[in-house]
Amino acid sequence: MGARCSKLSLCCCCPSNINDSSNLENEKESLPGFIEYSLDQLKAATSGFCTDNIVSEHGEKAPNVVYRGKLDGEDRLVAVKRFNRSAWPDPRQFLEEAKAVGQLRSERLANLIGCCCEGNERLLVAEFMPNETLSKHLFHWENQHMKWAMRLRVALFLAQALEYCSCRGRALYHDLNAYRILFDQDGNPRLSSFGLMKNSRDGKSYSTNLAFAPPEYLRTGRVIPESVVYSFGTLLLDLLSGKHIPPSHALDLIRASRCLQYEPRERPNIKSLVTALTPLQKGTEVPSHVLMGISHETTSLKHTMSLTPLGEACSRMDLTAIHEILEEIGYKDDEGTANELSSKCGQIKYRRP
């Protein structure tokens, strides 16, 4: 993994389109405006906060539990985060913070669409991401390891999400880790909007595992924008190694990564991270759900577009056909150091009738 480590570690950076962070607000038309829900609405949506609907990584033991829910009269699923009763004692502060985060709309975020503030209850409502977390796919995979092209894409999309938030006045992200990266119905990685909210009354919340905390947090107990870059660097270690490695246990990689510099001022900014990861992308014409090996709903696309042979194979989840087509166009698996698509990549795109 030598050459790969050096490239990704040195740059710590990413772009958009897959390549341009400036065009990521496509969610505005498909999502409702920010809504204040009643507690009864969210109880009904989650079947009374039924334990069967818990999707938090640590289940009921998590200090703030996340539930899968379905709002009455809506087709979409939502994620409902219920804070413990000691969090957010000031309802006005909670509402202000939630409404501010709720103004963000990006295809790189699991967007915040509402909240609830009744009595001692504090809840957030966000888009539901059906395909698990980065932690699950990277550390606890069952069917296949995450392909190198997909790891590069995760790094890029995460950097784009952070740049988008920073440009809109939300430069701080609390407890950035592999559990905060979620995969949508298309297999694309998104950053949870929950981390844009503080988790405690004093705003000092951060990872409970101090081995991964930025040095300045250990000194002052405060998070600054450069702390987010440091956390991004720890996620790069995760993506490079496929293991959850504390920075102190990965000295060789740290020496090559500017994101993990001890002094905050020596770390790159998010925009430069986006710029640096862009040219490293591989297999950009291959849909994320194909790289991830997950099923994908294509019904709506079928009604409006005719599909190429690869598109048809993907819609059927015919792995044999997908493999044969990728081999024919020159795509190589990521086990080798090369992972390029040939000039025939255009065959992958949808063709409009």
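## Basis of the model

The model is predicted: local features need pLDDT of at least 70, side-chain atom pairs count only at pLDDT 80 or more, and totals for chains, interfaces and linings use all residues. Residues are numbered from 1 along each chain as its sequence is written, and side-chain values use heavy atoms, with hydrogens and water left out.

Helices (H or I, at least four residues) and strands (E, at least two) are DSSP runs, numbered from the N terminus.

An open sheet is formed by 5 strands in the order 1-5-6-3-2. Its pairing is mixed. Two strands pair if DSSP finds at least two bridges between them. Strand 1 (35–36) and strand 2 (65–70) are the edge strands, and each pairs on one side only.

Strand 5 (residues 112–118) and strand 6 run antiparallel, joined by 6 bridges. Helix 3 lies across strand 1, strand 5 and strand 6. Its direction is at about 170° to strand 5. Axes here are lines fitted to C-alpha atoms, for helices over the stretch in contact, and angles run from 0 to 180 degrees between N-to-C directions. Contact means heavy atoms within 4.5 Å.

Strand 4 (residues 109–110) and strand 8 run parallel, with 2 bridges between them. Leucine 109 has leucine 191 of strand 8 as its bridge partner. Alanine 110 stands opposite serine 192 in strand 8. Strand 7 and strand 8 run antiparallel, joined by 3 bridges. Here isoleucine 181 stands opposite leucine 191 in strand 8. The hairpin of strand 7 and strand 8 has 5 residues between the strands. In that hairpin, glycine 187 takes a positive phi near 80°.

## Salt bridges

The whole structure holds 10 salt bridges, each a side-chain nitrogen of Lys or Arg within 4 Å of a carboxyl oxygen of Asp or Glu. One of them joins glutamate 97 and arginine 170 at 2.7 Å, N to O. Glutamate 97 lies in helix 3 (residues 91–102) and arginine 170 in the loop between helix 5 (148–167) and strand 7 (181–183), so the pair ties together parts 73 residues apart in sequence. Glutamate 97 is buried at 13% relative accessibility. Arginine 170 is buried too, with a relative accessible area of 16%. Buried means under 20% relative accessible area, exposed over 50%, and partly exposed in between (1.4 Å probe, protein chains only).

Glutamate 127 and arginine 190 meet at 3.3 Å, N to O. Glu127, Asp184 and Arg190 are linked in a network of salt bridges. Arginine 108 and glutamate 107 form a salt bridge at 3.4 Å, N to O. Arginine 108 is buried at 3% relative accessibility, and glutamate 107 is buried at 19%.

Helix 7 (residues 225–241) has 17 residues and spans 25 Å from its first C-alpha to its last. That is close to the 24 Å expected at 1.5 Å a residue, where the expected span is 1.5 Å times one less than the number of residues. Of its 17 residues, 14 are buried. Glycine 242 follows helix 7, with a positive phi near 75°.

In helix 9 (residues 270–277), the buried residues are Ile270, Leu273, Val274 and Leu277. They cover an arc of only 100° around the axis, which puts them on the same side of helix 9. The arc is that of the directions from the helix axis to the C-beta atoms. Lys271 and Thr275 are exposed on the other side of helix 9.

## Proline 63

Proline 63 sits in the loop between helix 2 (39–45) and strand 2. Proline 63 is exposed, with a relative accessible area of 60%. Its C-alpha atom is separated by 9.1 Å from that of arginine 82, 19 residues apart along the chain.
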